[in-house]
Amino acid sequence: MIEFKLSELSSECGGTLGGSDLEVKAVSTDSRSCSGALFVALTGERFDGHDFIKKAVENGAVAVVVSKDIPKCGVSVVKCADTVRALGTCGRLVRMRSKAKVASLTGSCGKTTVKELTAGILSKSGPTIATSGNFNNDIGVPLTLLRLERDTRFAVIEQGASHPHDIERTCEFVKADTALINNAGAAHIEGFGSLRGVYEGKSEILQDVLGRGGIGAVPSDSNWTESWKSDFASAFNDGRLVTFGTHETDLVRVSSIETSQTGISFHIDVPSQNKGFDAALPLLGAHNAMNAAAACALALITGAPYENLKPGLLQGAPMRGRLFMQTHGDLSLIDDAYNASFNAVIAALDVLSNAQGQRIMVFGDMGELGSEALNLHRQVGEHARGRCDLFLCAGPLAKAAADAYGDGAEHFGSVDELILRVEKLVSSGGKKCFLVKGSHAMGMDRVNDAVRRAGGF
């Protein structure tokens, strides 16, 4: 981490400093792991970091950030109105001292894959950091920025959103040089209010980066492409807003997409350089070819040379929980249980349709879809017809999907009941492929564990 002074933090977040000033060399939000660090007492619905200040100091914290009056604790204290924003300010202080080029990205699905592929490309040019896992909110983003070192050349920051202004808020800390919107689809409609709300929420990342003179990229194959070109006409006309996709006018164009049970192959063109290459990746689903094109576009506008695109992509690997294929004997498991947006479920079903043996979809409710929830679950059931041989599901909303699927669908009252059915299917033998998909809150990872356990993985 790049150091900053406690007094700078206090000033930047509008707080007060009690005790001596010092140089902050590490920041932690975990009282169990804060030796030599500044401990930020976050407060959430189920916890209050202020209750752990004594423990943090015992474990070596050299200072604390609070939003409440606390007893004397023997170390310097920064008191402010909002410790979450103070954490963000820590991230911004580090980011502003960094010489790294920062690439940011958002989207309704595929963000993590694009992030990993982009980081793979940029790392060919020098030290690169990227968001770990799903650390893409107003806590995770600052924690990622705090990993910046003086020799870091590139950073790839994933910015998630489920409500208006979520991205706007994290943009205050990221101050990205470049930005990419992977897609804007039917996800978090409950928070955004409508599909138009999703578009506007994702576009906050462009408003920030383009507004500061940076470069942005959007998909040319989206229903919202013309809206982006219109809403950001000045940037589009002067070449600071570019596109990626399947069109000749794209900065990066993808074509010749072929899929198999082990991965994808495709061709990438960079028309402006009159260059192109063929590539094959161990990622499932045709949509991942578009994710690869997105990564190439983001890497190029951030400063990667063309020559690093293909070798950087080849560093990409499937991630557990995201269309991660495992096979043991006649049994295959496509683990896509980490989360579920509508577009991601549709893409996963298209992958399952090409599997060998009995194709079994195991589906749990998709979350945060608001007034569109029932309709989108019905569409999942309709899309699943012909793409799987058995449709197993749990959750009140998934019942609509089962009804739309018709014969061959089975709905269960709980995930536990669903797991019992899955275990019996695994034990019955024969060539089978399970696809497990559902919102994180449904705990569908338990189904994956059951398949692995019963199948002897």
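Student: In which sense do strand 2 and strand 7 pair?

Tutor: This is a predicted model: local features need pLDDT of at least 70, side-chain atom pairs count only at pLDDT 80 or more, and totals for chains, interfaces and linings use all residues. Residues are numbered from 1 along each chain as its sequence is written, and side-chain values use heavy atoms, without hydrogens or water. Strand 2 (residues 16-18) and strand 7 (residues 76-79) share three bridges (strands pair if DSSP finds at least two bridges between them). The sense is antiparallel.

Student: Which residue of strand 7 is the bridge partner of glycine 18?

Tutor: Strands here are DSSP runs of E, at least two residues, numbered from the N terminus. In strand 7, glycine 18 has as its bridge partner valine 77.

Student: How many bridges join strand 6 to strand 7?

Tutor: Strand 6 (residues 63-66) runs parallel to strand 7. Valine 65 stands opposite valine 78 in strand 7. The bridges joining strand 6 to strand 7 number four.

Student: At what angle do the axes of helix 14 and helix 15 cross?

Tutor: Helices are DSSP runs of H or I, at least four residues. Axes are fitted to C-alpha atoms over the stretch in contact (heavy atoms within 4.5 Å), with angles from 0 to 180 degrees between N-to-C directions. For helix 14 (residues 373-384) and helix 15 (residues 398-405), the axes come within 7 Å. They cross at roughly 40°.
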